[in-house]
Every structure is written in C-alpha cells, then in structure tokens.
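Hello,

Here is the structure I promised to pass on. My notes on its strands and cores follow below.

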Amino acid sequence: MRAELIERIFADTAYVRMGGSAEELRTAEYLQGMCRELGLEARLEAFEVDMATVNQATLTVDGREIPCKGYLCAGSGEIEAPLYYLTEGDNRYTLSLCRGKIVIMDGYLGYWRYRDLIDNGALGFITYDGNVNYSDRDIDHRELRSYVSSGDKIPGVNINAKDAVEIINSGAKTAKITLAQDEYKGESHNVIVDLAGEIEEQIVFTAHYDTTSLSQGAYDNMSGCIGLLGMAEYFAQHPHRYSLRFIFCGSEERGLLGSKAYCAAHEEELAHVALVINLDMIGCIMGKFIACATSEMALVNYITYFGYEQGFQIKPYQDVYSSDSTPFADKGVPAVSFARIAGRDLAPIHNSYDTAAVMKTEHMQKDIDFITAFASRMANAACCPVAREIPDNVKEKLDEYLCRKRKKS
Ligand SMILES: [Zn+2]
C-alpha cells in the first residue's frame, strides 16, 4: 500500500471511537469511503449493543474524594462499606472476606473474577489501571460486560493506579461509591467488502476498528484495518480462486461483539468459510511478528516454512488469540491472527499512548506484504489445505477463553 495513503488514514482516524458511539460510526463510514476510493463497494451491517450514559460517579475513601469513572452498565446505586483489598488469586478464605465490603482489586474484571465477587457477597468494586510512572492521571472508562454480570449488577468504579497505591499505602478503611446512569440499547456496525472468486468457498479477513476510551487506536487497530484495505486493494487487481470477504469489525474491545454478531447472523454461510485471517496490531516501530493459529498444528508449521521462504522473521504458534478470529474458530472455522507485538514499554495499548507515533510506515508495508503473500497462497490454492476442524486441545482453550470453563490457577 502507498506510504502516503497509510499516513493519511492514520491522520484521519486519530480520535477515540468506542463501540456503539457516534465516533465509531464515523469511522465505519470513513472506511466505507476509503473502500470507494479504492474502487470497492462496502456495506455496513448493524448489530445491537448495550449502551450507558453515566450521570454521576463518585468515590470517597475515608472521607476523601478520589477521581474515578463509573463502570458502564453496572447499574445505579449508592453504597458505603468497609474497604477490602483483594489481590489476584482464588483463595477461598480471602475471597470470603469480600462479604459486605467494597472491594478494591488487582487485575482485570473478567467473568470468573466478577463471579467471585458476587458469590462472596461484595457490595461494590474498585479497579485501577494506568502506570504509576507515567505523568498522566488518565482513567479508562470501563464497562461491566453483560456476559460478565449475567444480570447481577453491583456498582463499581475505575481509578488511576497512582490513587490505588495511595489508598492501599494509607491503610484506608472505608469507601463510598455513588453511581447513577441511564442504560439503553444502541448500535455498532461491521463494514463488509466482497470480492467474488472462481468458487463460492470463502476466505474471510477481519480487523477491528473500534478503540477503548482513551485510545486513538493507531496500533490497536487502525493498523490492521489499513492491512485489510491494502489486501482488498491488492486482490481487486490480482487473481484469487477463493471468494474473499473483508470484515472491519465494530466493538471488538467490548468483548468481540462485532465478530460474535457476524457469526450469529451468518451462521449458515460459515460452512463455506475455509479460513479466517485476522489482523490485530501490525506495523509498529519495534516488536516481533507473530501468527497465532487457532487451528491444527499443520498451519503453524506451514507458516514457519513460509516465513523462511519469504525471508520474513515470524513466530507462529497454536493458541486462541484475544481478537475477532476467536468467534469464528468457536464455530469450527480455522483461523489465524497476525500481529507485530511490541513490548509494553515500547507501545502500550488501551491508553492515550496508542497513536501514530508508535507506527512505522515501512513496517506497515512489509507486514502487509507478508500477510498478502500468505493470503495469496491460500486464496489461489486448488484446495485450501487447512483442516476444517478445531483440535481438542484448542477447543479446551476456547472453552476457557469464552468463560465456559474456569482455567486452573
Ligand atoms: Zn485490538
């Protein structure tokens, strides 16, 4: 893809676009316009998402007000209770101490973590993010996902890590959370482009275009969207035996909602999908290039060989990738995610540091060229060689990732 176009797209999309927001729709329409500019027809496919507007969110700890953001979709209410600090782990005794408390906790509020809080009688929760060594005091606007709450809502807030450290260091005893919000249904969109091939069987390409609340999402994941545009542009002018579908997914950061909605709405068509190729975070200045295959091992080995053939440094492995490839794999469609993974200190994501400043146009081009070369082999295969079944060890990882089974700690 042309360097100036890559740079223009990063510049044009340097704003926050959370799933379901007006800004996200603006980006969907922008991608549609960009497809048109490349001579391609793109359509928007809407799906329903939970939305919330927080009217009030306050946290006081031992009478002192702490800057916070209320968890979206965590209901409304006011609670005052003793404060309890819960570190990561699933010790039954320490969990039992959550009863009747507002729990400040380490780690991410995933499904099992939240179940622990509910089952052990916590009244409210406080999470934190950010970095004590950064100069900002940013607070990410988090959401209590519907599959996490499963209808059991207690009020929670997110705070900056600096305040979390101060709270614990001061030995604080009590907390009060006030949360008031309106919850309603909204819409997010997938943007879809089709390139008909010689046969009906499809290879599907995915990349999400939404961001978290503080992020411009250049690296995560306008980079992957540019990759998809580059490949669509390439295949519009080059032969491909397989039919190709490009899906720019909405609301990935909210729990893979766009790809889940796509798989639900297109369940019958999935039978004709030979392979999903997902791009999530490519083209940064530094970092290793990986391929995460949610498939049989043969694909991992093939990509290893292909890296040698192309003279391209790559680390392929078999696993579940936390991205839009996963809902497809869960429906039995083999999938592979490509990414260039930068160290956390080089290019952190899901915060205000994810901007075009961490990207390198030349690396974008090299990464896109490699993925295009791989995709071209698959798209022109007499028969796409990847077995259309997910091995048992990978199915188990899918069960864990999708919270059907708890991972043993
Ligand atoms: Zn991402």
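Strands β5 (residues 102-105) and β6 (residues 124-129) run parallel, joined by three bridges. Strands here are DSSP E runs of at least two residues and helices are H or I runs of at least four, numbered from the N terminus. Two strands pair if DSSP finds at least two bridges between them. V103 has F125 as its bridge partner in β6. From β5 the chain passes through helix α4 (residues 111-119) to β6, a right-handed β-α-β crossover. Right-handed means that, with the strands pointing away from you, the path from the first strand over the helix to the second runs clockwise.

This is a predicted model: local features need pLDDT of at least 70, side-chain atom pairs count only at 80 or more, and totals for chains, interfaces and linings use all residues. Residues are numbered from 1 along each chain as its sequence is written.

β5 also pairs with β4 (residues 77-86), parallel, over four bridges. There, L83 stands opposite I102. I102 and I104 point one way from β5, V103 and M105 the other. All four are buried (20 or more other C-beta atoms within 10 Å of their own; exposed is 12 or fewer, partly exposed in between; C-beta atoms placed from the backbone).

Now the cores. A nonpolar core is a set of buried Ala, Val, Leu, Ile, Met, Phe, Trp, Tyr and Cys residues joined through C-beta atoms within 7 Å. The largest has 80 residues, with I203 and F248 among those with the most contacts inside it. Helix α7 (residues 218-237) gives the most to this core: ten residues. Apart from it lies another core of 35 residues, including L59 and I102.

Best wishes
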